[in-house]
Amino acid sequence: MRSAPLLSLFPVLAACTVTDTSEQADQSEEALASGRTIACAVAGNASYEPVCSVERVEQEDGSLMLVVRHPDGGFRRFDVLTDGRGLATSDGAEQATIDLADGKLDVTVGSDRYLFPATVRNNDAGE
């Protein structure tokens with residue numbers, strides 16, 4: 001039996017902190033300017049563009065959350081899973097569908113799609 005590959009998100013998603021609402025728009029523009037972006041296709045757009053900023057937030061319990069901000073002001077929160085599955089939605093009724101393609105984690109939630117950089121680690125040893 002073959003087990004699933006382990007995934008880890010690249011450290012490209014640099015650490016930052018969540019700020020109050022008045023600073024969030026400025027922070028998103030700053031993130032776009034500094035390169036902390038991923039390709040996304042939001043609100044049903046057909047093509048991916050590198051316009052979603054990503055914030056990396058460490059929770060009090062030590063877990064990691066990624067906040068992806070859309071150019072229109074919308075956002076999604078994802079929990080980084082430590083079991084190799086990648087990401088899961090942090091809140092809301094819609095669950096993420098995740099595929100691995102060409103070294104990228106292709107995440108779909110509703111009509112929004114995101115491409116996160118990922119590393120595949122083989123865990124087939126010992127079978």
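1. **Ground rules.** This is a predicted model, in which local features need pLDDT of at least 70 and side-chain atom pairs count only at pLDDT 80 or more, while totals for chains, interfaces and linings use all residues. Residues are numbered from 1 along each chain as its sequence is written, and side-chain values use heavy atoms, with hydrogens and water left out.

2. **Layout.** The chain has one helix and nine strands; these are DSSP runs numbered from the N terminus, with helices (H or I) of at least four residues and strands (E) of at least two. In sequence order the pattern reads β-α-β-β-β-β-β-β-β-β. Of the contacts in the chain with a separation of 6 or more, 42% are between residues 24 or more positions apart, where a contact means heavy atoms within 4.5 Å.

3. **Surface and burial.** The chain exposes about 7500 Å², and carbon and sulfur atoms supply 50% of that area; accessible areas come from the Shrake-Rupley method with a 1.4 Å probe, and for residues only the protein chains shown count as cover. Buried residues make up 32% of the 127 residues in the chain. For the labels used here, buried is under 20% relative accessible area, exposed is over 50%, and partly exposed is in between (1.4 Å probe, protein chains only).

4. **The core.** Which residues touch the most other members of the largest nonpolar core? They are Val68, Phe78, Val107, Tyr114 and Phe116, out of 15 residues in that core. Strands E2 (37-41), E3, E4, E8 (104-109) and E9 (112-121) each supply at least two residues of this core. A nonpolar core here is a set of buried Ala, Val, Leu, Ile, Met, Phe, Trp, Tyr and Cys residues joined through side-chain atoms within 4.5 Å. As background, nonpolar side chains tend to be buried together in soluble globular proteins.

5. **Aromatic pairs.** A search of the whole structure finds three aromatic pairs. The Phe78 and Phe116 rings have centres 5.8 Å apart and planes at 80°, so this pair is edge-to-face. Phe78 belongs to strand E5 (residues 75-80) and Phe116 to strand E9, so the pair ties together parts that are 38 residues apart in sequence. For Tyr114 and Phe116, the ring centres are 6.4 Å apart and the planes are at 45°, so that pair is tilted. Rings of Phe, Tyr and Trp (its six-membered ring) pair if their centres lie within 6.5 Å, with planes under 30 degrees apart counted as stacked, over 60 as edge-to-face and the rest as tilted.

6. **The ring cluster.** Ring pairs link Phe78, Tyr114 and Phe116 into a cluster. Both Phe78 and Phe116 are buried. Tyr114 is buried too, with a relative accessible area of 0%, and the value for Phe116 is 0%.

7. **Charges over rings.** Arg69 lies over the face of Phe75, 5.5 Å from the ring centre. The charged end of Arg113 sits over the ring of Tyr48, at 4.5 Å from its centre. The criterion is that NZ of Lys or CZ of Arg is within 6 Å of the ring centre and within 35 degrees of the ring normal.

8. **Positive phi.** Please have a look at Ala43, which has a positive phi of about 60° although it is not a glycine. Ala43 lies in the loop between E2 and E3 and is exposed, at 60% relative accessibility. Asp102 also is not a glycine and has a positive phi, of about 55°. Its place is in the loop between strand E7 (97-101) and E8, and Asp102 is exposed, with a relative accessible area of 81%.

9. **Ser63.** Where does Ser63 lie? Ser63 is in the loop between strand E3 (49-58) and strand E4 (64-69), partly exposed at a relative accessible area of 29%. A polar contact of 2.6 Å joins the side chains of Ser63 and Asp61. Such a contact is a pair of N or O atoms within 3.5 Å; within protein, one must be able to donate a hydrogen and the other to accept it, and residues adjacent in sequence count only if both atoms are side-chain atoms. Not counting residues up to four places away in sequence, Ser63 touches Val57 and Glu58.

10. **Ile98.** Ile98 is in strand E7 and counts as partly exposed, at 26% relative accessibility. Leaving out residues up to four places away in sequence, Ile98 touches Arg85, Leu87, Leu105, Asp106 and Val107.
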